Amino acid sequence: MTVRNLEPKVVWNHFEDLNAVPRPSKKEEKVREFVKNFGKKLGLETLEDAIGNVIIKKPATAGMEDRETVILQSHIDMVHQKNADTEFDFLTEGIVSYVDGEWVRAKGTTLGADNGMGVAAAMAVLSSDTLKHPAIEALFTIDEETGMTGAKELDPSKLSGKILLNLDTEDDDEFSVGCAGGVDTNTQYEYEEEPVPDNYSTYTIVLKGLKGGHSGMDIDLGRGNANLLMNRLIYEMSQVADVRIVKLEGGSLRNAIPRESFGIVAIRNAEASDAQITFKEVLQEIQSEYTKVEPQLMAEIKATDESVSKMMSKSDMQVVLGAIYTSPNGVWKMSDKFEGVVETSSSLARVSIADGECVTKSLQRSMIESGKRDIANAMRLNYEQVGAEVTQSGDYPGWEPNPESQILQLMLKKYKDRFNDQPRVEACHAGLECGILGKHLPDCDMISFGPTIRNPHSPDEKVNIKSVQKFWAFFTDVLEDIPKKNS
C-alpha cells in the first residue's frame, strides 16, 4: 500500500504533497509559496506577515458562526538529517516516504512528520467542504527548528482567534499544556598548530551507529552523544600516547542529539600500538555501558594516507579535551511539578575542529526561566574559563501551564467520551512555539496535541498510521464542539 492510499486519505495526500516540497529551516521560500498557492486556489483569504509566516483564513460553516475563532498552528520547516550512506539533496529533492507495517517512514532521511502531519491536518480542514467547524485561522510558522524565528517575529494583528490548537505534540494520548524554553550557546576557541613530525602517523577515527533524536524529547532516554564519546576515546588515548587532533567533525543540527563523529589524529609512531589498544579497550567499555540503549554503536581507528601537515599543540589539546569533557550534557534536573518530566537539560550538538579553530554549538532547555539561566551559565563559564569566545543567542521563553484552560477541559471530556480513557496532560521538554506565541497572543487559550511520532530529528523518524486516524477523528470532533464566543 502506498502512503496516499492510507486513511484518512485527505490528510495523507496533503502530507505527501507537502513532502514533495523542499523545506529546510531558514530556506522556506518554496514551501511558503506552496502554502500560499494552496490557500489562494481554495479562494480563501491568504496573508503573509513580514517575517514570512503564512495565514489562511476560512469562514465558519453554517450554524457555527457564533463559535470562537480557532487558530490552527503548525510550522512548515523540518529538520534535515540523513544517514551517512544516503545520497540526498534536501534543497532540491522531496522526501520519499513509504509504508512499513504500522508506520510511515522515509528512505534514509528524516520524514518530516514533525511538523508535517500538523500542517497536513490544517490543510485538510481548509480544503474540506463537509467538516463542521468555527472560523479558522491556519497559522503556518517558519523556522521553528532553528530558532523559532517565525513565532518570535509574528505579527499578531493578523489574528483574532481566542483558541489556539498547536498540532505539534508527538503522542496521540497526550495533551501538552506547557513546554521548555531554550537558549543556544556557541563557542569559538583559537588554538595553536604545530607541524606534524616525521615520526608521527595519521589515523582516521569514525564513530557512528547512535540513535540520535530530539535533544529535548529524547534527552532523558540515555542515548549516547557522539561528540562526548569521541572526545572520551581521544582523551583516553592521549593518556598513553602523544595523540594530537588534526581535525574533527561531530554532530550537525543544534536541536538533535549527535549520532556521528569523524576525525583525523596524529600519533607518535612509537606509541601508536598503545593508543590503538587503549582505543579498543575504551570502546568495549562504552559499548558495554550502552548495550541496551545503543546496540548499533560502533567506532574504528585506522591508518590513513591523507596528507596532513599540522596538528593541534599539546597544551591546547588539554584545554579542548577538558572543556568538551566537562560540558554540561543530558538531564540537569527533573521537574518537581510534573512527574517524569525533565525540567532542565543541555545537549552538546556540534563540535568542529580544524585549521586552528575549535567551534561548539549546544542548546540548553528548561521549563523555568531560572533553570534555563542556571544551565546556560554553566555552559558559558565552562568555556569562558579556558579563554573561548562565547555567544548566547536565540533565547525563547517556556510556556507556563494553565490548569483553568477551557479548551483543556473541553478536550479532556471529548477524549473520554470518544475513547473511554484519560489522556496524559503533560508539560513537554521540547521547545513548542506556544511559549512565544503566548507573548503575542496573551488572551489566547492554547493546547498542543498530535499523532504518535517516534525518533524525530533523525533518519529513524516515523509516524504511526493508526494514531493519525485517531488524531484526525478526535481533532475534527473537537472543532465541531468549540464553545460559543464569550461563553
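**An open sheet, a helix across it, and a pocket**

Strands β4, β5, β23 and β22 form, in that order, an open sheet of four strands with antiparallel pairing. The edge positions belong to β4 (97–100) and β22, each with a single partner strand, so one side of each is left without a neighbour in the sheet. Strands here are DSSP runs of E with at least two residues, helices are runs of H or I with at least four, and both are numbered from the N terminus; two strands pair if DSSP finds at least two bridges between them.

This is a predicted model, in which local features need pLDDT of at least 70, side-chain atom pairs count only at pLDDT 80 or more, and totals for chains, interfaces and linings use all residues. Residues are numbered from 1 along each chain as its sequence is written, and side-chain values use heavy atoms, with hydrogens and water left out.

Within the sheet, β5 (residues 103–106) and β23 (residues 462–464) run antiparallel and are joined by three bridges. R105 stands opposite K462 in β23. Helix α11 (residues 465–480) lies across β4, β5 and β23 and runs at about 60° to β23.

The largest share, four residues, comes from β20.

Terms used:
Contact = heavy atoms within 4.5 Å. Axes fitted to C-alpha atoms, helices over the stretch in contact; angles between N-to-C directions.
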